[in-house]
Structures are given as structure tokens and as C-alpha cells.
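Me: I want to learn how to read a model like this one, feature by feature. Can we start with the backbone and work up to helices and chains?

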Amino acid sequence: MSLELKNVEKKIGLDTHIYSTNLKLEKNTINILLGPTLSGKTTLMQIMAGLDKPTNGEIWFNDNNVTGMKVQKRNVSMVYQQFINYPNFTVYDNIASPLKITGVSSDGIKKRVGKVAELLKLSGMLNKKPNELSGGQQQRTALARALVKDSDLILLDEPLANLDFKLREELREELPKLFEDRDCIVVYATTEPSEALLLGGNTATLLDGKLIQYGKTLDVYNKPNSLVSAQVFSDPPMNITKIKKIGDSCSFLDNSLNWKSKINIKDGEYKVGIRPHNITTYKEGKNCLEIKAKVLISELSGSESLIHFTNGELSWVSLSNGVFQKNVGDEMNLYMNADEFIYFDKNERLVTSG
Amino acid sequence: MNKTINQKAWFFVIPVFILVAFNAIIPLMTVVNYAFQETFGNNVFMWEGTRWFKQIMLSERFHASLGRQFLFTFIILFIQIPLGIAIALSMPKEGIGVPVCLVLMSMPLLIPWNVVGAMWNIFALPDIGFLGHSLNALGFDYNFTQQIGDAWFTTILMDVWHWTSLVVLLSYAGLQSIQPAYYQAAEIDGASRWAVFTKIELPKMKKVLTIAILLRFMDSFMIYTEPFVLTGGGPGNATAFLSIDLVKMALGQFDLGPAAAMSLIYFFIVLLVCWVFYTLMMRNEGNQ
């Protein structure tokens, strides 16, 4: 089983929403579409589902051309950012709704709804109406509706975005288990890099309607094929600067920082991407570079400290484990792990990632 | 949660209270005053107890106008609500058509009520009115000043013309607030157009429709100006709805006592129907 997009393109009027895209998704995989708002995730999903037709290109499913085939005939299910359930139906009827139309026997429906409800911890509230439930339970109901009918393709469009932090964490942990042992392709759209890392599977980075990179999630994270892909897959945003390398000595272009490096690349100018967690208040790794920082803002997130700082022209972010409270304008030294630098060439393609 | 006690709040409540007292409670009390007493002018009053109320409740004239009133309100609700929903459903959802339709729909609502009555009076006159003359030319024996059926037909048509837009605008707002994802989810389920209407659109419109029905009930139940200008309650008493009958009694015959009693009964009927309807519609509504 596989879903393949061949040169899929979507234009509305003069606007191109999706540039020509090739993508092949295999069965039993979770595939994450990662990109900021308006990067084309939802459009791409709607094309995959058959809710929307591509302007050009084809969609193949199991070696069948399904371009333009109606969504009802495609055995897909979809979960949205908003909690979409039939307002008048009980939770039970909501979960059963996709089965009723396909004509499953009422015993069969009962069994399958019961099973899915248990999986999603909804057993106790089958007789309630959606508006009597919390947001998390409403979204669980929507998930149950998607899971109950053994779809070939399950699309989740930022399903956790409207939940509060606690519920999001809780459901996020359960999600991969829900899709285990299922004969289907899961596509999951999100704006959050951390969500992609947690879910694993494969990730496609998207920006402005272009598919930047597709591969195993960790590969895409560790070896972004381009600066854009690295930026999409980095939160807080990646720190970038230009450096030059001559022999084994490297330096920032303005010579404000020099260091020795045994990195095996040609001499010349490069763009370097440094993830915020590789700039810390403490020394990490063998190849540690010291950088002077003037604090812009420092904020705490759980037990991590985000320090936004400037160094000359640079305006960067560092992310350290532990609680470090700094005042605006404080001068301090931060440490960069040079082994984790990611090098891009002039065209912003990957050269090497440490 | 503990309630804070702060007497300064009175400072903000009292002005509103005084204002409401002047424009609602005091006039209402005057009516209550009349309803229990008999007066021959010169500020001389005699206590009558519940006599006027009994008289009104037992009067055939009141029963007749109340019956006409309920019939009229029922008919216009029966036409305007489904028609309003149907028009709202067929209006465009985006593009230049939206403002065009909205403005066109709002037009009848902006016309003063007596102008509406006068317009329709002239429009429907059997000899010179466009509607009246055309109907007669087509072979219908149409004369709303003489024939009861025609008078009702014209009054209802006028009200439908004047007020369906309100239902349309409210329904349209309700429809626009349904997220596209609902329609997609229904499409994925393979739901029919009818199922989308009954399972998604109607439930989602329930609250605005409740308001629409309430507003249309109250307005049509208290309708005065338009039929007064159009038919004057005639022919005979055929279109004398409650408020027209009330004004006849109060200002035509100067029966202030019975008229006051009647207006209080009238008021309580409106209140009761609205309360029952609203309570029924809103039960089982969560805190969504």
C-alpha cells in the first residue's frame, strides 16, 4: 500500500498554493508535514484526501490513479484542528456515523465503536453530546470517528493545536500507539518541530507551498538538505551566521571569533546554522567556543532557559537546561558546541552537519 | 469563589434603575392603575378590582382578535422561517455577490413601518395599484378592501416582504459561522445534502433560529402600524389584530379600564409564549 503524489501542483487564480510536488508515502508509516502557517500543509492534505483536486499532476494509490476520485470512494478519514463532530449526535452515534453509511451490521458497529471508545478512553461518555464534553474529549471523539472505519489513509490536520498544554501532551503520547498495527498511512500536519520529533516516523518540511525535504524524521532533523529545511525544523529559530575557512582555521566573517577546526570541507565562505540548544550557559562537548553575549530577553520555559542575546550584528537565541535568570543588558559568556554546527554553501544547500 | 461585597456597586446600578423606571415601570404602573379602577376623568377613580380582567377574558371580541393574532403570527412564522433559511442557503458564500445580497436583503428592513403600509396599500389597490390591477387583469377577483381573504393575503404578503430578510440575515450569519471542516467531514462520511442540512446546518443554526423565531413572534404578535395603514383592520374586523383592537378600545371608545386590563393580558401572553419557547429550545444546551 502506498500513496504517491506525482508532480502535484495547485494554483488558485494566479497564486500557486502548491508547487510541483513529488512524494511517496508507504503503508504503516506516520508522515509529518512540518511547516509554518500557510506553508501548504492543509492544501496538500486535502489533495491527498480527494477533497480538493490538483491543478496539475496525479495521485496514485496502490498503483491506481485516484486523481479526481471523490473522497467518499477513497476510504480516508480526517481529523481537524477544530473539534468536528455532529452536534446533535451522542458520542456513540458520532463514532458510529462513518460505519452507518457503509452499511456495517448493527452488532458490528457496536463492537467496533466499543473497541475504539475504549482505546480513546471514551467508554464512560458514549451517551453524552459533544458540547457536554471537554475540548480534549471532543477531539478524542473526532479521533475515534477517524479510527473506527479502518481507513487506508488517515489525515490529521494540527489535531492538537486547539488543546491546552496538558491535554496536548497527554494525547500526543497516545497518538503513536493508536496507529500501531494499523494497515494504513497516517499523515500528520503540524507547525511544531517538537511534535515531529516526538512522533518520529517520516517528516516532510514545507515552506511557501514547496516541499523542501522528505525523509526519516531524525535524518531530516540532523541532516537538513538546506538552510530552509533546517529553519523550518527548528524552534526556537536557528541561529545563522557567515564564516570563512582557510586551512584549519575558521572565523566569523567580521573576525570577531576565531577557532581551529579539523572539519573536512573546502576552504571558502559558508553559512553556519547553530541550533539554540547548542549555545548554552555551560560548556558542552570537546570543541567549545566562547561567545560574548548581551542579554535582550531571558525567559523560562519549564526547566529550560531561553536567552535572546546580541553579539555585534547578530541577534541570536540560546537554550540551556536549568534555570538561569538574566537581566536585560547583562553581559555574559555563552558556549557554542562547534561539533554541532551545520554548514551550508552559498546556495544554502547542506555541505556537512558536523 | 468568595463574593466581594462592595456597596459602591449601587452607584452604578441606580442610574440604570431610574432610567428603566421612567421609561418602563412607571408607564406600566399607570396601566396597572387603570386596569383595576374606573374613571370618568377629572382624576376621579373608583376601585373595580378584577372586573375588567373578567370582562376581557370572557369577551368574544377579545377571543376573536386573539385568535386572528395567533393565526396571523403562526402563518407568517410558517412562511418566513423556512423561506428565510432557504434564501440564506442559496446566497453566495464569498465574492462580490455577498455584499450585493446583504444590501438587497437589508433594504426592506430599513423602510419605516407606516411607509411599508402605505406602499403596499397603493401597490395593492385594485383599480390603480400594480399588484391589484395586474391580478384583476389576470382574471382574479382581487379586492383587499372588500374581501376578507384578499385582505389577509395582502397583509401576510406585506409582512413576508418586510420581515423575511431578518430571518435571512440571521440564518446567513449562522451558516457563515460553520467551519468548512464540518462540510469536509460530512463529505468524507459520504453524507447527502439533506443530511448535511439536518445534521450539521440546522443544529448549528439552532441558536440564531431561536432568536429569529422569538423576534418574529414578538414583532408579529404586536404588529400595528402596517395593517393599520394597509387595511385599517378591515374589512369589518377581519384584520383587526390584538393591538389594533386594543387601540380601538382605548382611544376609539375610551374604555380605559378594559383596555388597560387587555394590554396587561396581552403583555403576559407575549411574555409567557417567549419564555416557554426559549426554555424549550435551550434545554439540553450545554455551555458551548
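Me: Where is the place of Asp150(A) in chain A?

Reply: Keep in mind that this is a predicted model. Asp150(A) sits in the loop between helix H4 (135-147) and strand E7 (153-157) of chain A.

Me: Which value does phi take at Asn7(A)?

Reply: Phi of Asn7(A) is near 50 degrees, again a positive value in a residue other than glycine. The setting is a strand, E1 of chain A. With 11 other C-beta atoms within 10 Å, Asn7(A) counts as exposed.

Me: Now omega. Which residues does a cis peptide bond join in chain A?

Reply: General idea: most peptide bonds are trans. Here, Asp235(A) and Pro236(A) are joined by a cis bond, with omega about 0 degrees. Look for Pro236(A) in the loop between helix H8 (227-232) and strand E11 (239-246) of chain A.

Me: On to strands. In which sense do E1 and E4 of chain A pair?

Reply: Read the direction, then the bridges. Strand E1 (residues 2-12) and strand E4 (residues 56-61) of chain A pair in the antiparallel sense, over five bridges.

Me: How many bridges join E4(A) to E5 of chain A?

Reply: Two bridges, and the strands run antiparallel; E5(A) spans residues 64-65. Trp60(A) stands opposite Asn65(A) in E5(A). E4(A) and E5(A) form a hairpin with two residues between them. Asn62(A) in that turn has a positive phi of about 50 degrees.

Me: What is the order of the open sheet of six strands in chain A?

Reply: The order is E13-E12-E11-E14-E20-E21, with antiparallel pairing. The edges are strand E13 (258-260) and strand E21 (350-352) of chain A, each pairing on one side only. On average, neighbouring strands of the sheet are turned by 35 degrees against each other, direction ignored.

Me: How many bridges join E11(A) to E12 of chain A?

Reply: Four bridges link E11(A) to strand E12 (residues 249-252) of chain A, and the two run antiparallel.

Me: Now helix packing. At what angle do H4 and H7 of chain B pack?

Reply: General idea: two packed helices are described by the angle between their axes and the distance between the axes. Helix H4 (residues 97-110) and helix H7 (residues 148-176) of chain B pack at about 130 degrees, with axes 8 Å apart. H4(B) is therefore oblique to H7(B). The crossing of H4(B) and H7(B) is left-handed.

Me: Which residues in H4(B) meet residues in H7(B)?

Reply: From H4(B), they are Met105(B), Ser106(B), Pro108(B) and Leu109(B). Among their counterparts in H7(B) are Trp161(B), His162(B) and Leu169(B). By class, the contact of H4(B) with H7(B) has seven nonpolar, three polar and no charged residues.

Me: How far apart are the axes of H7(B) and H9(B)?

Reply: They are 9 Å apart, and the packing angle is about 150 degrees. H7(B) and H9(B) are therefore roughly antiparallel to each other. Their crossing is right-handed. H7(B) contributes residues including Trp163(B), Leu166(B) and Leu170(B), and H9(B) residues including Met205(B), Val208(B) and Leu215(B). The classes in the contact of H7(B) with H9(B) are 12 nonpolar, three polar and five charged residues.

Me: Last, the chains. How many residues does the contact take from chain B and from chain A?

Reply: Chain B gives 15 residues and chain A gives 18 residues. Helix H8 (180-189) and helix H9 (193-221) of chain B each supply at least two residues of the side that touches chain A. H8(B) has the largest share of that side, seven residues. By class, the side of chain B that touches chain A has six nonpolar, five polar and four charged residues.

Methods
Residues are numbered from 1 along each chain as its sequence is written. Chains are lettered from A and ligands numbered from 1 in the order in which they are written. This is a predicted model: local features need pLDDT of at least 70, side-chain atom pairs count only at pLDDT 80 or more; totals for chains, interfaces and linings use all residues. Axes are lines fitted to C-alpha atoms, for helices over the stretch in contact, and angles run from 0 to 180 degrees between N-to-C directions. Angles under 35 degrees count as roughly parallel, over 145 as roughly antiparallel, 65 to 115 as roughly perpendicular and the rest as oblique. A crossing is left-handed if the near helix is turned anticlockwise from the far one by less than a right angle, and right-handed if clockwise. Two residues are in contact if their C-beta atoms, placed from the backbone, lie within 7 Å. Ala, Val, Leu, Ile, Met, Phe, Trp, Tyr, Cys and Pro count as nonpolar, Asp, Glu, Lys and Arg as charged, and the others, Gly among them, as polar. Two strands pair if DSSP finds at least two bridges between them. A residue is buried if 20 or more other C-beta atoms lie within 10 Å of its own, exposed if 12 or fewer, and partly exposed in between; C-beta atoms are placed from the backbone.
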